[in-house]
Structure formats: structure tokens, C-alpha cells
Amino acid sequence: MAPAEWVLLAVLSVLWGGSFFFVEVALDDLPPLWVVFARVSLAAVALWLVIGVRRIPVPADPAIWRDLLVMGLLNNAIPFCLITFGQVHVTGGLAAILNATTPLFAVVLAHVLTADERLTPARAVGVVIGAGGVVLLVGPSALGGLGAHLGAQAAVLCAAFSYALAGLFGRRLRALSGAVAAAGMLTGGTLLLAPLLVFSPAPQVVPGAHALLAVAALALASTALAYLLYFRILARAGATNLLLVTFLIPVSAIALGVTVLGEALAWSAIVGMLAIFAGLACVDGRLLARRN
């Protein structure tokens with residue numbers, strides 16, 4: 001990837017890293033499915049407003065809208081529901097580790113399903129090193145929760161697999177404007193999620209200001225803005241490189257905790273971050289190419 005794509009990937013990791021926090025705050029007052037629906041629908045409305053103000057052309061081809069509906073299923077409806085459910089039962093640290101399996105799924109699926117994102121030894125080693133770095137960064141103690149809530153952990157793993165599928169499927173939308181692709185996808189997710197609200201319990205309390213602000217931040221920053229970057233990176237760098245963002249999300253969370261909250265930085269976290277960067281360098285390939 002070019003330096004510009006790495007910068008976009010880092011920004012995306014910050015936006016998505018914050019989503020775990022916002023979800024936890026919103027779950028204090030809202031059922032999981034309501035959080036997911038509010039996130040997706042509000043983000044879709046915000047992006048359609050951007051499209052209207054900027055007068056971005058909207059495609060009329062039904063095949064494109066079918067693909068956007070599939071993207072809404074794979075990238076929003078399925079993973080958002082599974083991760084939000086999982087966070088009810090597992091810690092954020094363990095969820096981050098399980099979510100970091102997304103590139104592992106992606107490199108295997110890309111090797112099988114594509115001709116231009118084949119698995120190489122350097123890429124495979126880089127992904128494994130990066131995954132190990134996430135474990136060190138979050139803390140090996142987070143793995144202590146493995147086995148306690150297998151259903152919730154399986155849900156997060158299934159979400160990671162769905163993200164990997166979405167990254168590969170989204171390649172066919174690279175010709176679309178990022179705003180249109182994101183808005184169409186989120187609209188598809190909204191349509192798929194709306195009927196499920198009938199089966200979800202209504203909120204038991206009037207959501208407080210903290211929950212409403214968390215939902216707003218989740219929708220506007222961690223979803224609408226994040227998916228504008230998502231589709232830009234996907235078009236420029238491909239699905240496998242894009243999904244490396246799951247390695248950087250814990251790095252962003254730790255960095256924000258240190259700089260904003262004054263939290264201490266453990267040596268294991270430093271080693272973990274170095275391992276993640278080493279893994280990303282292996283996947284990128286240019287550093288190894290220069291040494292040869």
C-alpha cells in the first residue's frame with residue numbers, strides 16, 4: 001500500500017476502535033438490536049444528506065442495488081448484530097482478539113476466490129505475527145475468558161468471517177462513489193434489520209443523554225465517516241489490505257487511553273504493537289523487497 005492508504009487505514013482504526021466503547025455505553029439503556037438499527041439507519045440518513053448536498057449521481061441499475069443489499073447483509077446486519085450480542089457476554093479485550101481473526105479469514109478466502117490477492121508466504125507470516133501482536137497488546141489475560149461464553153465468542157468469530165466475505169464481495173462496487181456505496185450498503189442493512197425489531201424487546205427506560213450521544217457518535221463517526229474511508233481504501237488497496245485494520249483497532253484504543261486518559265503502557269503492549277507493525281510490514285511486502 002502507498003503511504004496515503006496507510007494513513008487512511010490508521011484513521012479508520014481510530015473510528016472503528018471507538019465503536020466498541022460507544023456500543024458499551026449505548027447498551028446501558030438500549031437493547032442490542034436497537035443499538036444496531038439506530039447505528040445503521042442514522043448513518044444511512046447522514047450519508048444520503050451528503051449525497052444530496054454534493055449532488056453525487058446515484059446509479060439506477062438494479063444489479064448494483066442488489067449488490068448493495070448483499071453488502072448490507074454481510075457488512076452490517078450480520079456482523080453488527082453478532083458483535084453487539086457478543087459484547088453483552090464477553091470483554092472488549094477478548095472481542096478485539098476474536099475480531100482480529102478477520103484478516104486470517106480474508107487471506108484464505110482471497111486466495112481461493114480471487115486471482116489478484118493470492119496468499120504468499122510473507123503475507124501468511126505477517127497475518128500470523130499481527131494476530132499474535134493483538135493478543136500481546138490486549139493482554140494474554142483476555143484469553144482467560146475463552147470457553148466461558150462459547151456462544152458469544154462464536155458470534156464474534158462469525159462476524160469476523162462475515163466481514164472478510166464483505167471485503168471480497170465489495171470489490172465489485174469499486175467503480176461507485178464511496179458515499180453512494182456506503183449509503184446504499186447501510187440502507188440495505190437498515191431494510192434487513194427493520195423487521196427484526198418486532199422480535200426485540202423495546203427499551204425499558206428512556207435513553208439518557210450519555211446513551212443518545214454514544215449512538216450519535218457510533219452512527220456518524222464510527223459508521224458513516226468510517227465507511228467513506230472503507231470504500232476508498234477497498235478501491236485503492238484491495239480487501240486483504242483493508243481488513244488489516246482489525247489489527248490496528250486495539251493499537252488505536254491503547255494509544256487513546258494513554259494520551260487522553262493517562263493510562264499506563266505495559267511492556268506487553270509495547271511488544272504487541274511492535275509485533276503488529278512487523279506483521280503489517282510483512283503483509284505490505286515493500287520492506288522485505290528493499291532488503292532483497
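**Helix packing and cores**

α3 and α7 are roughly antiparallel to each other (angles over 145 degrees count as such).

User: What kind of model is this?
Analyst: This is a predicted model: local features need pLDDT of at least 70, side-chain atom pairs count only at pLDDT 80 or more, and totals for chains, interfaces and linings use all residues. Residues are numbered from 1 along each chain as its sequence is written, and side-chain values use heavy atoms, with hydrogens and water left out.

User: At what angle do α3 and α7 pack?
Analyst: About 160°, with axes 8 Å apart. α3 is residues 62–89 and α7 is residues 150–169. Helices here are DSSP runs (H or I, at least four residues).

User: What residues make up that contact?
Analyst: It divides into 18 nonpolar, 5 polar and 1 charged.

User: Switching topic. How many residues does the largest nonpolar core have?
Analyst: 75. A nonpolar core is a set of buried Ala, Val, Leu, Ile, Met, Phe, Trp, Tyr and Cys residues joined through side-chain atoms within 4.5 Å. Y227, Y230, F231 and F247 have the most contacts inside it.

User: Which helix gives the most to this core?
Analyst: Helix α9 (residues 209–237), with 9 residues.

User: And what does F247 touch?
Analyst: Its contacts (heavy atoms within 4.5 Å) include A100, P103, V134, I276 and L280, not counting residues up to four places away in sequence.

User: Is R171 buried or exposed?
Analyst: Buried, because its relative accessibility is 15%. The cut-off is under 20% relative accessible area, with a 1.4 Å probe and protein chains only. R171 lies in the loop between α7 and α8 (178–193).

Terms used. Axes are lines fitted to C-alpha atoms, for helices over the stretch in contact, and angles run from 0 to 180 degrees between N-to-C directions. Helices (H or I, at least four residues) and strands (E, at least two) are DSSP runs, numbered from the N terminus. Angles under 35 degrees count as roughly parallel, over 145 as roughly antiparallel, 65 to 115 as roughly perpendicular and the rest as oblique. Ala, Val, Leu, Ile, Met, Phe, Trp, Tyr, Cys and Pro count as nonpolar, Asp, Glu, Lys and Arg as charged, and the others, Gly among them, as polar. Buried means under 20% relative accessible area, exposed over 50%, partly exposed in between (1.4 Å probe, protein chains only).
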